[in-house]
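Here are a few exercises to work through with the model open beside you. Try each task before you read its solution.

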Amino acid sequence: MPDASPDSVARDASIESRFDVPALQRAFADDGYLVLPRGVSKAELENVEGRLRGEFEQWSNSSRSFQGGGLLSGHLNCYPGEVARGTMNELAASGTLALLQSLLPTAPERVRWGCNFNLPGSVVQHYHIDGLYLDHYLIVNVAVVDTSLENGAIELVPKTHKRFYKYWEFAAGRVYRGGKRITMQRGDVLVRLSTVWHRGMPNHSATPRPMLALTLGESYVNTTDPFAAGGGAVEFQANWFKTDLLGQLRERITVRAPITYSSYRFARSLLGNKGYEAF
């Protein structure tokens, strides 16, 4: 959990000295996202980068690795465990966590850490929101490395959190034309609502691009220690696609002929409100 030293508490209590809170609240309510510069130190994130890349190399050469699950498309999920604890402490000490509570108050047990591992040669993802429209939460992305157009900076569409879009409405209305690439320096923090439409982008560089993801307010999360799962060890996980033979086939088809998945989503969205609420 975040550092609770008197120093950090004092800095949390004086967030107005670092942030223009009312202006940030207005911007966040209007656009659905914010970029906060220098939320975490470069030294801390250099350590995170080295540890995650080392863990990925070990995992890739071990019996724990899998086929498919995002490896074919180049977008892999990761649970960072104890690797993320220093980042959490710095977000608390800098007042960033206190600021986030002013944007969208969340319960302390609704905290989860993840990481997007964007691999070299990855492909563009389809636009989507995270979770359900009526069950929105905060996603806090921390740039572990400088994030550019070359290594896969995320693309999002500002203001799309303001209404629910069926996929056919989003596609046919060309809402995606408002897409914006978010480039960041190591240590910058992207705060976004889960209901903002976005997509992962190709990594044209020669090295993986990790990006930490702290979620605040997911209704199904209930934990006393977000770093304790699996003994705090790093775990690489499937992203979007399953790892069985059918999942690998679906991923391969989606990568080679993305229009097939777009057509499927378009047709399915004509028949219901998928993504709006749980039934």
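**Exercise 1.** Which residues does I182 touch, not counting residues up to four places away in sequence? Then find where I182 sits and decide whether it is buried or exposed.

*Solution.* Keep in mind that this is a predicted model.
- Step 1: list the contacts. I182 touches Y33, V35, A153, I154, L156 and L190.
- Step 2: I182 lies in the loop that links β6 (180-181) to β7 (189-193).
- Step 3: apply the cut-off. Buried means under 20% relative accessible area; I182 has 3%, so I182 is buried.

**Exercise 2.** L156 was one of the contacts of I182. Which residue in β8 is the bridge partner of L156, and what is the strand order of the open sheet?

*Solution.* 
- Step 1: start from strand β5 (residues 155-156), which is joined to β8 by two bridges and runs antiparallel to β8.
- Step 2: pick out the partner. Across from L156, the bridge partner in β8 is H198.
- Step 3: extend to the sheet. Its three strands follow the order β6-β5-β8, paired antiparallel.
- Step 4: look at the edges. β6 and β8 (198-199) each have a single partner strand, so one side of each lacks a neighbour in the sheet.

**Exercise 3.** Where is T96 found, and is T96 buried or exposed?

*Solution.* 
- Step 1: T96 belongs to helix α5 (residues 96-103).
- Step 2: its relative accessibility is 1%, so T96 counts as buried.
- Step 3: beyond its neighbours within four places in sequence, T96 contacts R18, F19, L36, G39 and L91.

Definitions and conventions
Residues are numbered from 1 along each chain as its sequence is written. This is a predicted model: local features need pLDDT of at least 70, side-chain atom pairs count only at pLDDT 80 or more; totals for chains, interfaces and linings use all residues. Side-chain values use heavy atoms; hydrogens and water are left out. Helices (H or I, at least four residues) and strands (E, at least two) are DSSP runs, numbered from the N terminus. Buried means under 20% relative accessible area, exposed over 50%, partly exposed in between (1.4 Å probe, protein chains only). Contact means heavy atoms within 4.5 Å. Two strands pair if DSSP finds at least two bridges between them.
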